[in-house]
Amino acid sequence: MNNKLPEDMINAFALGLRKQNAGPKEWAGIDWLPWMALRAVLETKAVKTASVWLVLVPVILTFTSEFPERYSAAPLGGQEPISFVLKIPFNWYLFYFAAVCFFIARLCYVIFCPDFIKKYSVAADATSAGITASSVRDYASGYLSAVTLKKNPLSPEGLRLNSFLSEITGSPNIVGEHWDTGNGDNLMQSAVAGVHIRDLPGTGTYLRAFKLTGNEDEDKKLLTTTLVWKFIDWLNYSKSVARALCTIFVLCGLGLLAVPFSQGFLAVFGAFMHNSS
């Protein structure tokens, strides 16, 4: 009895293993803050208020440029003069540079954060607004068509992109295959564009098939919310360079703000302890 597998089956199995193991073996990159976390920081009241210092400090510097550092006077007819400090406090400079950092961070967010992330924070918001599986496919295809750099499948963005591509195409490691290919083709965009999706109205599900066959398995309905969630999760970690730049400026701004806030807290706490003793 011959138990040897047919050669075409062996080749297909070997090809599947190569696809599964495609890509680098080690993760490379830093897990920068996602877009939603950056937006949460940039939308806080303290950060928004800091922008006032961008205008206030230069105006005061111009107005007081000819003033002496100190001025002594006896107000209200007093006998002993009181010394007034006319130079800008050191903390004001910190507020100004913090505002500059937040301005650059917000600019990076506005320019580079994907529009889908700006509109929808969770899958429920997207689906309630009429986002379907086919519209996600079209949006992802258009987004990936502009992607020219290869993504490390083990990086934070690569892992989430692989998860999304697996959900929409059924292939487990397209990012790794795209990493290994040397012919210049955009496998990720081609894989998404080549999938036929038929939404099932009123069910929150869709059917997936490939255009080559057009066959759709009615028993394999897929949840639209799962696809949208994975799409949002990927976009939330997309554009790592822009997120890195935005994260650095946000952290610098928070660090600069922490100095005067800490000084104020210590001053109040010291006065409280002194008065209570």
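Let's start with salt bridges: in this predicted model, the structure holds 7 of them.

Lys 48 and Glu 43 come up with their side chains meeting at 3.0 Å, N to O. How exposed are these two partners? Lys 48 is partly exposed, with a relative accessible area of 42%, and Glu 43 also counts as partly exposed, at 38%. Hold on to that pair, please; I'll come back to it.

Next, have a look at Lys 118, which forms a salt bridge with Asp 115, with the closest N and O atoms 3.9 Å apart. The cut-off here is 4 Å, so this pair at 3.9 Å is within it. Where do the two residues sit? Both are in helix H6, residues 115-119, and because they are 3 residues apart there, about one helical turn separates them. Lys 118 counts as partly exposed at 31% relative accessibility, and Asp 115 is partly exposed too, at 46%.

Now for the pair formed by Lys 230 and Glu 167, whose side chains meet in a salt bridge at 3.4 Å, N to O. Lys 230 belongs to helix H12, residues 224-236, while Glu 167 belongs to helix H9, residues 156-169, so this bridge ties together parts that are 63 residues apart in sequence. Are these two buried or exposed? Both Lys 230 and Glu 167 are buried.

And here is the promised return to Lys 48 and Glu 43: through shared partners, salt bridges join Glu 43, Lys 48 and Arg 106 into one network.

Let me zoom out for a moment. The chain has 277 residues, and 33% of them count as buried. Its secondary structure comes to 13 helices and 5 strands. If you look at contacts with a separation of 6 or more, residues 24 or more positions apart account for 67% of them. As for the surface, the accessible area of the chain comes to about 16800 Å², and 64% of that belongs to carbon and sulfur atoms.

On to the inside, then. In soluble globular proteins, nonpolar side chains tend to be buried together. Here, the largest nonpolar core has 49 residues, and Phe 164, Leu 165 and Trp 234 are those with the most contacts inside it. Which helix gives the largest share of this core? That is H5, with 7 residues.

Let's follow one of those core residues. Setting aside neighbours within four places in sequence, Leu 165 is in contact with Leu 144, Gly 170, Ser 171, Ile 174, Val 175, Met 188 and Val 192. Leu 144 deserves a stop of its own. You'll find it in helix H8, residues 133-145, and it is buried, with a relative accessible area of 1%. Beyond four places in sequence, the residues that Leu 144 touches include Leu 161, Asn 186, Gln 189 and Trp 234. Leu 144 and Ala 193 are 49 residues apart in sequence, yet their C-alpha atoms are 9.6 Å apart in space.

Helix H8 also holds Arg 137. Buried or exposed? At 13% relative accessibility, Arg 137 counts as buried, since the cut-off for buried is under 20%. Again leaving out residues up to four places away, Arg 137 touches Ile 168, Val 192, Val 195, His 196 and Ile 197.

Thr 247 touches Trp 32, Leu 33 and Leu 38, not counting residues up to four places away in sequence. Thr 247 and Ala 105 are 142 residues apart in sequence and 7.3 Å apart in space, C-alpha to C-alpha.

What about the cysteines? The structure holds 0 disulfides. For Cys 101, the nearest cysteine sulfur is that of Cys 252, 5.2 Å away, and Cys 101 counts as buried at 10% relative accessibility. For Cys 246, the nearest is the sulfur of Cys 108, at 5.5 Å, and Cys 246 is buried with a relative accessible area of 0%.

Finally, back out to the surface. Phe 103, Leu 107, Val 110, Ile 111 and Phe 112 make a nonpolar patch of about 470 Å². Ile 111 is found in helix H5, residues 90-112, and it is exposed, with a relative accessible area of 53%.

Thanks, everyone!

Terms used
Residues numbered from 1 in each chain as written. Predicted model: local features only at pLDDT ≥ 70, side-chain atom pairs only at ≥ 80, totals over all residues. Heavy atoms only, no water. Patch = residues over 30% accessible without salt bridge, like charges linked within 9 Å, V, L, I, M, F, W, Y side chains within 5 Å. Areas by Shrake-Rupley, 256 points an atom, 1.4 Å probe, with all protein chains shown as cover. Helix = DSSP H or I, 4+ residues; strand = E, 2+ residues; numbered from the N terminus. Buried < 20%, exposed > 50% of the residue type's maximum accessible area, 1.4 Å probe, protein only. Contact = heavy atoms within 4.5 Å. Core = buried A, V, L, I, M, F, W, Y, C linked by side-chain atoms within 4.5 Å. Disulfide = S-S within 2.5 Å.
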